[in-house]
Amino acid sequence: MREARIKILPDIGEAVYHCISRAIANARLFDSAACDIFRRQLWVAAEFSGLQIITYAILSNHFHVTVRVPRKTPVSDQELFRRYQLLHGKSKPRDQKTLSTIRAYLKANDADAAKWRRQMLARMGDVSQFMKTWKQNFTLWFNATHRRIGTLWASRFTSTLIQPDGFASEFVSAYVDLNATRANIVRDPKDYRYCGYAEAVAGNSKARSGIMSLYGTLPWKDAHAQYRLTLFGIGSDAREGKASIPYEDFRRVIREKGQLPLSDVVLCRLPHFIHGGVLGSRAFVQEQLAAYEKRTRARPRTAPRPLPSWYGTDDLFTMRNVRQADAA
């Protein structure tokens with residue numbers, strides 16, 4: 001039996017999630033063309049769902065995405081129709097006929113309009129619905145392009161609830177953008193086309209807004225400087241079996257960009273959070289565990305656990321013990 005995902009309900013407050021999914025049999029199915037389509041579909045699915053992409057990384061056999069789910073707010077019929085048209089408004093006659101039918105529903109504001117409105121609102125502001133939309137649309141494209149049938153994914157996606165207003169979100173986002181560097185594909189994350197950081201450096205305003213959201217009201221120039229220092233500080237930390245950024249590159253980035261915003265970032269190691277837990281301060285983890293137990297009526301089974309000393313920080317807690325093998 002599947003366990004319910006740990007979520008912050010959108011009518012209670014904002015939430016950040018780190019999600020990951022792997023291709024079936026962990027096969028390296030995604031070439032550059034597939035990665036590019038998947039990247040473009042990501043932005044459409046996020047806008048449709050009303051979520052913000054903080055960053056992402058798409059590799060040949062899996063992907064990561066860090067997504068911010070805002071607090072629930074009313075969505076007008078006009079906005080719902082715009083989002084529907086964004087996802088389904090193709091030039092095919094069948095699609096145009098469907099759009100005309102929905103326009104008629106909304107103009108009449110009848111039972112059909114109420115039903116369509118309910119169906120659309122159920123897909124808004126929810127990380128599970130967002131992931132379903134994104135993955136299903138890509139599967140349809142991939143199967144049609146490669147003349148295949150059946151599932152494309154090894155299992156349902158895994159997710160971790162991340163503290164949205166602390167440095168946990170910055171840590172996890174940097175981990176995501178460093179995937180291609182750790183895999184020894186590129187030396188500098190900005191050179192890997194299919195990650196949020198590279199797209200932000202290239203000028204995509206949505207990608208920049210995602211990274212800027214980690215730093216409050218800082219403009220892009222300052223947010224980028226801090227995030228790049230964080231990336232190189234974490235990326236230069238050597239890991240067994242993983243590539244790392246040469247330390248001289250890290251020192252060069254310090255000279256170019258100034259001081260590190262968080263002095264302990266260099267020593268921290270990010271866990272490979274793929275099994276659906278919670279990361280943040282002790283109070284944040286305790287609060288989410290209590291809410292989860294109340295919502296699911298589950299018996300208390302755990303308590304906030306500090307990250308092991310080999311991660312180099314005493315400030316982060318998780319819902320489960322983290323083994324050294326879990327490190328990225």
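Biologist: In which helix is Asp36 found?
Modeller: Asp36 belongs to helix H1, where helices (H or I, at least four residues) and strands (E, at least two) are DSSP runs numbered from the N terminus. The model is predicted, so to speak of local features requires a pLDDT of at least 70 and side-chain atom pairs count only at pLDDT 80 or more, while totals for chains, interfaces and linings use all residues. Residues are numbered from 1 along each chain as its sequence is written, and side-chain values use heavy atoms, with hydrogens and water left out.

Biologist: Why is Asp36 called buried?
Modeller: Its relative accessible area is 12%, and buried means under 20%, exposed over 50% and partly exposed in between, with a 1.4 Å probe and protein chains only. Asp36 therefore counts as buried.

Biologist: Which residues does Asp36 touch, not counting residues up to four places away in sequence?
Modeller: Asp36 touches Arg193 and Tyr194 on that count, contact being heavy atoms within 4.5 Å.

Biologist: What makes the meeting of Asp36 and Arg193 a salt bridge?
Modeller: The term requires a side-chain nitrogen of Lys or Arg within 4 Å of a carboxyl oxygen of Asp or Glu. The N to O distance for Asp36 and Arg193 is 3.2 Å, so the pair qualifies.

Biologist: Which residues are linked with Asp36 in a network of salt bridges?
Modeller: The network joins Asp36 with Arg39, Arg40, Arg193 and Glu199. Over the whole structure, the search finds 13 salt bridges.

Biologist: How do you know that Glu47 and Arg82 form a salt bridge?
Modeller: Their closest N and O atoms are 2.7 Å apart, so the pair falls within the salt-bridge limit. Glu47 is in helix H1 and Arg82 in helix H2 (residues 77-88), and the pair links distant parts of the chain, 35 residues apart. Both count as partly exposed: Glu47 is at 26% relative accessibility and Arg82 at 34%.

Biologist: What distance separates the closest N and O atoms of Arg117 and Asp77?
Modeller: They are 2.7 Å apart, and the two residues form a salt bridge. This pair links helix H4 (residues 111-121), which holds Arg117, to Asp77 in helix H2, 40 residues apart. Asp77 counts as partly exposed, at 26% relative accessibility.

Biologist: How many aromatic pairs does the structure hold?
Modeller: The structure holds 21. In the pair of Phe138 and Phe142, the centres are 5.8 Å apart, with 45° between the planes.

Biologist: Why is the pair of Phe138 and Phe142 called tilted?
Modeller: Rings of Phe, Tyr and Trp (its six-membered ring) pair if their centres lie within 6.5 Å; planes under 30 degrees apart count as stacked, over 60 as edge-to-face and the rest as tilted. At 45°, the pair is therefore tilted. Phe138 and Phe142 both lie in helix H5 (residues 127-146), about one turn apart. Phe138 is buried at 0% relative accessible area, and Phe142 is buried at 4%. Both belong to one aromatic cluster, whose members include Phe30, Trp134 and Trp153.

Biologist: In what order do the strands form the open sheet?
Modeller: The order of the 7 strands is E2-E3-E1-E4-E5-E7-E6, with mixed pairing. Strand E2 (52-58) and strand E6 (305-306) are the edge strands, as each pairs on one side only.

Biologist: How many bridges join E2 to strand E3?
Modeller: There are 6 bridges between E2 and strand E3 (residues 62-69), which run antiparallel. Two strands pair if DSSP finds at least two bridges between them, so E2 and E3 are paired. Within E3, Val67 is the bridge partner of Ile53.

Biologist: How many residues of strand E1 are buried?
Modeller: In strand E1 (residues 15-22), 7 of its 8 residues are buried. E1 runs antiparallel to E3, with 8 bridges, and antiparallel to E4, with 5 bridges. Arg22 stands opposite His62 in E3, and Val16 opposite Ile162 in E4.
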